Each structure stands twice: as C-alpha cells, then as structure tokens.
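Please have the model open as you read.

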Amino acid sequence: MLARGEMAERVRAFDWSATPLGPIETWSPSLRFAVDMVLATQLPMALRWGPELVLIYNDAYAPALGERHPEYLGVLFKDTSADFQASTRALYADLLSGASRGFVFEKLPYKLMRTDRQETAWFTVSYSPVPDATAPHGVGGVLISAVEITETVASAQKLRGAEERYELAREAAGVVGAWEWDVRANKVYADARYAELHGVVPDLAAAGLPVEVYTPAVHPDDIDRMILAAQTSLRTGGDFSEEYRLVQADGSIRWIYTRGHSYLSADGKPARTTGVIIDITERKMVEAALEAARVDVDLAAQAAGMGRWDHNPSKGLRYWDPRARAIFGIAPDAPPSTKIFEQAVYPDDLPAVRAAAAAAVDPDGSGLMNLEYRIIRQNGAMRWVEVFGRAFFEGRACVRFVGVVSDVTERREAIDRLLRQEETLRLAIDAADVGTWDYNIETGDLVWSDRVYAMFGILDSTEPPAVSTAVDHVHPGDADRVRDAIARAMDPTIRADYAVEYRVIGRDDHVERWLSAKGKVFFSPNGAPARFVGAAVDTTDRKRAELHLRLLVNEMNHRVKNSLATIQAIAAQSFTDAHSLPQAKEAFSNRLVALAEAHDLLTRENWDGADLHEVTEHLAALHGGAERFELSGPAVRLSPKTALSLSMALHELATNALKYGALTTTIGRVRIEWDIVPSAGAERLSLTWIERDGPPVTPPTQRGFGSRLIERGLAAELSGSAKIEFEPTGVVCRIEALLEA
C-alpha cells in the first residue's frame with residue numbers, strides 16, 4: 001500500500017485475520033486496489049467489503065465517525081446500530097447483488113468535530129459498487145464517498161436571503177411591476193402587477209405576449225411619445241426612463257414611471273429591453289415634495305443587492321457603501337478618491353470609464369451612465385462589474401452623481417463560454433456538412449437545420465418540418481429498417497442508439513440520396529420517450545463512389561482480358577514471315593502505342609467512354625498535326641468498347657497514310673467525317689476516311705494486317721461494317737458501327 005497517514009498505518013497494523021476479510025496477503029486485487037484508492041485520497045471515503053460489509057475508511061472520513069473512531073475500523077455491518085442497519089440494509093443488498101449501480105444522496109447533514117467543537121456540515125454522499133471477479137455477483141464491496149457542500153448550502157441560503165431582501169427592497173421602493181421585452185421574438189414577459197395595470201391576464205403575461213397587447217392601455221395623449229421613446233432606446237441602447245398614464249378598466253387614470261435598459265446585440269441591432277414600473281399616481285399630486293423620494297425609489301429598484309456610490313462633483317465629495325468597496329476590493333478605511341478608484345480599473349478599460357462618467361455629468365448630455373468594465377482587485381483577481389449612474393444638475397452644474405454597481409463576472413463568463421461552445425459546435429457541424437434534428441415527442445415540436453431540408457429535397461427551408469415528411473419519403477426498400485431502428489430507440493426496455501443508413505426520395509426535387517443518421521432518444525422519469533435528437537450526413541457521393549469503384553474494377557478485369565487478347569492478335573499478325581524482324585517490331589510497337597493511347601483517353605474519362613471529336617483530334621495531333629486533318633461531324637459519345645476499337649482502326653489508317661498515302665507529301669490532307677444514321681433499334685455511326693492530294697494510289701495485290709484489322713476485326717467488334725477502297729485520288733475507308741457496341 002502506497003498511502004500515507006494515520007489510517008494507512010492503522011490499516012497496515014490491523015489484525016485482519018480476525019475478520020472475514022482474512023490477512024492482507026490473501027486479499028483479492030480488487031480489494032487491495034480499492035483500499036489503496038481510499039487511503040490515498042484526501043476526500044472523505046470509506047469501503048465496506050464482502051457479504052459482512054467490513055468497514056475500512058481514510059483520515060478524511062474519520063471525523064464523520066466522531067467518538068466511534070478509530071474503534072470502527074474493521075467493524076462488521078451487523079455490529080452497527082439497529083437504526084443504521086434498518087436504514088441502509090436494502091441499499092447495501094441491492095449494490096452487492098448487482099441490482100443497483102449506485103446511489104447518491106445530496107445535502108445530508110452530519111455533526112462533525114472541528115476545532116474542539118461540534119459543527120453541522122453538509123455532504124453529497126454516494127454509494128458505488130466495486131467490481132470483484134471473485135465475488136458471487138461480481139461485486140466485492142461498496143465504495144462510500146462524501147463531498148462536502150457546506151459552503152454551497154450556505155451560499156444558497158444567503159441567495160434566498162438576498163432574494164427575500166430584494167423583494168422587500170422592491171416593496172419598500174414602491175416597485176409594482178417588472179418586465180422584459182425580447183425584441184427579436186417580440187415577446188414581453190411581465191409580472192402579475194405589471195400585467196394587471198396594463199389590462200392583461202397575468203398568466204399570459206408571464207408566458208410572454210407581443211408588445212402590441214400592452215399598448216392599448218396607454219393614455220392616447222402619451223402613446224406617440226412612448227412609441228418614439230421606445231424607438232430611440234432600441235436604436236441607441238442604454239438606459240431610459242419615462243412617465244406615462246394608464247387607463248384602467250374602470251376608467252380611472254394611473255401615472256406610471258418606468259425605468260429600464262435597452263441592450264444591443266453584437267451586430268448593433270436591438271436585442272432586449274428590461275425595466276421596472278412604479279405607480280407614481282400619488283407622487284404626481286405632490287411632485288415637488290416627493291422629488292427626493294423619487295430619486296431614492298428609482299435607485300432602490302436597481303440597488304437591491306448592489307453596491308451604491310454617491311458623488312458631488314461640484315464639491316469633490318465621494319461616498320462608497322461597504323458593498324461597493326467589497327466589489328472593487330477597496331479597504332473599508334481607505335479614504336474615497338478618484339485615484340484609488342482608477343487604480344482598481346483595468347488599464348485598457350479606463351479611457352471608456354472616464355468617457356462615460358464625463359458624458360453623464362455633462363449638462364448637455366443624457367445625465368445617465370450604464371457601463372460594463374473590468375477591475376483588478378488588490379489580490380490580483382480580475383472581475384467584471386456593471387454600473388448604473390445618474391447625474392442631477394442645478395443650472396448647468398452637476399450637484400449629485402449617484403449610482404449602483406454589481407459584480408457580473410459569472411454572467412459574463414457564462415455568456416462567453418456559451419458563445420464559444422455554440423460557435424465551436426456550429427463550425428464543427430458546418431465543416432462536417434451535418435444536418436441536425438430535435439424532436440420533442442411530448443409536444444410534437446420538431447426542429448430541423450437547413451441541411452436536413454436539403455437532404456429531404458425540400459426547397460423551402462422556412463416551411464415548418466413534419467415527422468410525416470421524414471418518414472413518408474424514405475425509400476420503400478429501406479422503410480422497414482428505418483421503422484425498426486426508430487422503434488428500438490423509443491422502446492424504454494431497449495433504449496438502443498438510433499443508427500441507420502438509408503435512402504430517401506427528395507420531396508420536391510425527387511432526387512434519390514443516401515443518408516447516414518445517428519440519434520438518441522431521451523426518456524422522461526416515467527419511462528416514456530420525451531425527446532429524440534440526432535444528426536445526419538449525406539453519403540450519396542460516397543455510395544456512388546463505391547458503386548463506381550466496383551464497376552471500374554469489373555471493367556478493368558474485362559479490359560485487361562480484352563487487352564491481352566488484342567495484344568496477342570497484334571503480335572500474331574505483326575510477326576509473320578511476310579515481314580522482316582525490324583519491320584515486324586516497328587509495326588508491333590506502333591500498334592501497342594496506339595492501343596496505349598486509346599487506353600489513356602478512356603482512363604481520363606474514368607472508362608465511361610470518350611467523345612469522337614476528342615478521339616479524332618488526338619489522332620490528328622499524333623500524325624502530322626491538326627492542319628493536315630479536316631474533322632467534321634456532330635458530338636458523339638462513344639462507349640469504351642467502340643472508342644477503343646475505332647481508335648485502333650484510325651491509327652492503322654493514319655500509319656498507312658504516313659508511309660504510303662496522303663500524309664507522305666506536304667500538301668496531302670485527310671478528311672474524317674461522320675454522322676448518326678437512323679436504323680431499326682439502336683442508332684449507328686457512319687464514319688468516312690478520305691485521303692486527298694497524295695501520291696497516286698495503286699490497289700495492293702494482297703491485304704496486310706492493318707486492312708484485315710479494319711475490315712474484319714472492326715466490323716466484328718462493332719457489329720457493323722468496314723470497307724477500304726484504293727481509289728486513284730486517295731484511300732477511302734467507310735465504317736459503320738453500332739454506337740452501343
């Protein structure tokens with residue numbers, strides 16, 4: 001054992017032979033590993049091993065046992081208190097039998113001895129099975145771990161207290177309603193009092209309603225002014241405050257003071273507006289007497305739980321409350337000064353802070369300040385703060401500049417983290433060309449990404465998606481597999497991952513595509529499927545490539561056999577007694593080159609065929625240049641077999657023309673013309689080779705291999721005919737072939 005500490009020594013010294021575990025030397029590897037892990041960690045951990053649940057624990061766990069430590073080392077479960085056995089017997093039985101994979105209990109209070117006094121601490125305690133192949137059910141014991149959450153519980157209690165104080169502050173400040181307007185969604189979320197004052201059902205207001213629902217309650221004389229104020233706030237962002245009247249259902253008039261803040265998105269467009277309202281009907285009746293109270297109420301609505309500051313720029317006076325000092329990390333006894341404040345501001349943000357404060361105290365400005373910026377505390381910690389401020393003037397002199405400050409570090413970090421995660425996910429999805437879906441099975445709501453619309457051939461990506469669309473357009477040959485995969489994923493007894501590759505027929509474009517889809521169904525606590533999310537990739541190109549590869553392999557096997565047969569025939573005809581060995585070698589080499597060039601042409605086209613223009617142009621380039629050939633005919637796509645045979649025949653004609661015919665002179669020309677000839681069944685190609693301006697032609701006394709290759713072999717290969725005529729003005733060859741040969 002590598003662990004150190006009091007309990008490690010006690011475990012080594014303990015007489016385990018007196019327990020069901022036996023001597024340490026006989027312990028199983030699983031038990032030894034589990035004990036080492038417990039003793040090595042600084043987290044409170046304990047281990048109960050074997051059917052008798054013998055206890056082993058570490059130093060951090062010892063305080064939880066109180067006065068029972070260290071006597072509880074090695075104690076059996078049956079020797080613990082009756083209450084403890086009754087409350088945990090079933091738990092341990094489920095774990096040892098393999099019926100459970102563990103239990104977690106949160107916020108459990110324990111009495112601990114700390115600094116010679118007993119304190120209540122809060123823990124999250126987990127019970128986990130420890131595998132052991134030598135145990136009857138594969139579980140040797142139970143690992144008990146405890147994570148102290150006392151500070152978290154205390155923070156939650158403080159938060160509840162702060163919320164209660166905030167509500168009390170709202171009541172004390174006279175705040176009667178609060179609202180938030182999601183500008184892009186055009187939904188205003190309001191509390192009950194705000195809704196009632198505007199004549200709206202509170203439950204509907206809490207769920208969010210369009211802003212137009214609230215405007216009918218605004219007094220007709222105030223509506224235009226409020227619309228203009230809202231438009232200005234949305235355009236520029238920042239704080240705003242207005243007073244307006246509301247006409248109640250009984251015809252009475254209430255004066256409302258609203259104050260809030262408009263936020264702009266990163267692209268400078270309106271995003272959201274939040275604020276509170278105060279019923280100032282009574283104050284309006286005694287405006288002068290309640291002016292100071294109005295300021296306090298206004299600030300109190302924002303100051304709940306925030307630090308407060310109060311400046312008198314004209315006299316150089318400055319005040320920070322304790323909360324503001326704590327936020328900025330300024331000592332309680334430090335005299336407030338501009339120098340101390342600016343030392344706390346992050347250097348890069350200081351110019352913006354100075355500019356915002358100067359604008360707020362400018363008598364020609366708005367008198368308002370709202371800014372988020374960074375600060376550096378004396379301990380070096382950087383924090384984000386948000387400040388709201390307002391300046392008051394006498395004449396053109398600022399006599400009071402007050403505001404509140406709050407620490408918004410966690411909010412900023414959460415927003416930045418979320419934005420980074422969303423951007424990373426978006427980039428990953430875009431890079432992988434992945435489509436995603438999210439189906440709320442309980443509500444029937446379905447969300448598709450734009451890529452999914454394209455996969456199902458739906459041209460309008462603004463159309464609400466439907467489950468029927470995804471199911472009805474699966475290829476009939478794959479529909480059963482898809483339905484079976486969905487059923488297995490939604491079956492609460494199976495809960496299989498959804499993974500299937502299938503074809504779909506585009507709804508609008510009718511294009512067949514292959515999709516590879518993976519997803520997962522999430523279940524509600526009662527075991528019913530609640531949500532189905534997943535992603536799909538268009539694998540059509542890959543499927544086509546696989547099919548094309550198989551075809552190419554088959555075609556290559558066929559072509560290799562044919563090529564070997566062709567080479568064998570060329571060799572047999574070239575190396576005959578009619579030619580000398582050098583002539584035979586030259587003829588054989590030239591014909592092999594022609595065969596290779598024909599193969600090169602088809603290879604560039606992936607053996608899908610070749611264009612007749614390209615075949616003849618290539619021939620002309622190899623035998624005298626394009627100026628010696630006249631090519632005439634429509635675009636004709638040749639099959640691989642036709643292209644190969646025709647290329648060989650034209651090469652033989654061109655070789656003979658270079659040796660004996662029109663291409664032996666500088667003025668000789670060759671004309672190749674072709675056309676498509678209608679015939680019963682498949683179309684046929686008619687091609688004519690015509691030599692002109694060469695030496696006079698004398699018909700040969702016997703036909704060579706080239707002539708036989710053209711007249712016999714080509715005719716057989718292409719299911720057509722070929723005839724060479726030795727006219728005095730030049731050789732003429734007429735070829736007719738089946739295009740689909």
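1. Of the chain's 741 residues, 39% count as buried (buried means under 20% relative accessible area, exposed over 50%, partly exposed in between, with a 1.4 Å probe and protein chains only). Please keep in mind that this is a predicted model, where local features need pLDDT of at least 70, side-chain atom pairs count only at pLDDT 80 or more, and totals for chains, interfaces and linings use all residues. Residues are numbered from 1 along each chain as its sequence is written, and side-chain values use heavy atoms, with hydrogens and water left out.

2. The secondary structure comes to 22 helices and 27 strands (DSSP runs numbered from the N terminus: H or I of at least four residues for helices, E of at least two for strands). Among contacts between residues at least 6 apart in sequence, 51% join residues at least 24 apart; contact means heavy atoms within 4.5 Å.

3. Rings of Phe, Tyr and Trp (its six-membered ring) pair if their centres lie within 6.5 Å; planes under 30 degrees apart count as stacked, over 60 as edge-to-face and the rest as tilted. Y92 and Y127 have ring centres 6.0 Å apart and planes at 85 degrees, so this pair is edge-to-face. The pair links distant parts of the chain, with Y92 in helix α4 (residues 82-97) and Y127 in strand β4 (residues 117-131), 35 residues apart. Y92 is buried at 2% relative accessible area, and Y127 is buried at 10%.

4. Next, look at W179 and F240, whose ring centres are 6.1 Å apart with planes at 35 degrees, so the pair is tilted. Here strand β6 (residues 175-182) supplies W179 and strand β8 (residues 238-247) supplies F240, 61 residues apart. W179 is buried at 11%, and F240 is buried at 15%.

5. Ring pairs also link F77, F84, Y92, F103, F105 and Y127 into a cluster.

6. Finally, how do helices α20 and α21 pack? Helix α20 (residues 612-622) and helix α21 (residues 640-659) have axes 10 Å apart, at an angle of about 30 degrees. That makes α20 roughly parallel to α21 (angles under 35 degrees count as roughly parallel, over 145 as roughly antiparallel, 65 to 115 as roughly perpendicular and the rest as oblique). L612, V615, T616 and L619 in α20 meet L646, S647, L650, H651 and A654 in α21.

Definitions and conventions: Axes fitted to C-alpha atoms, helices over the stretch in contact; angles between N-to-C directions.
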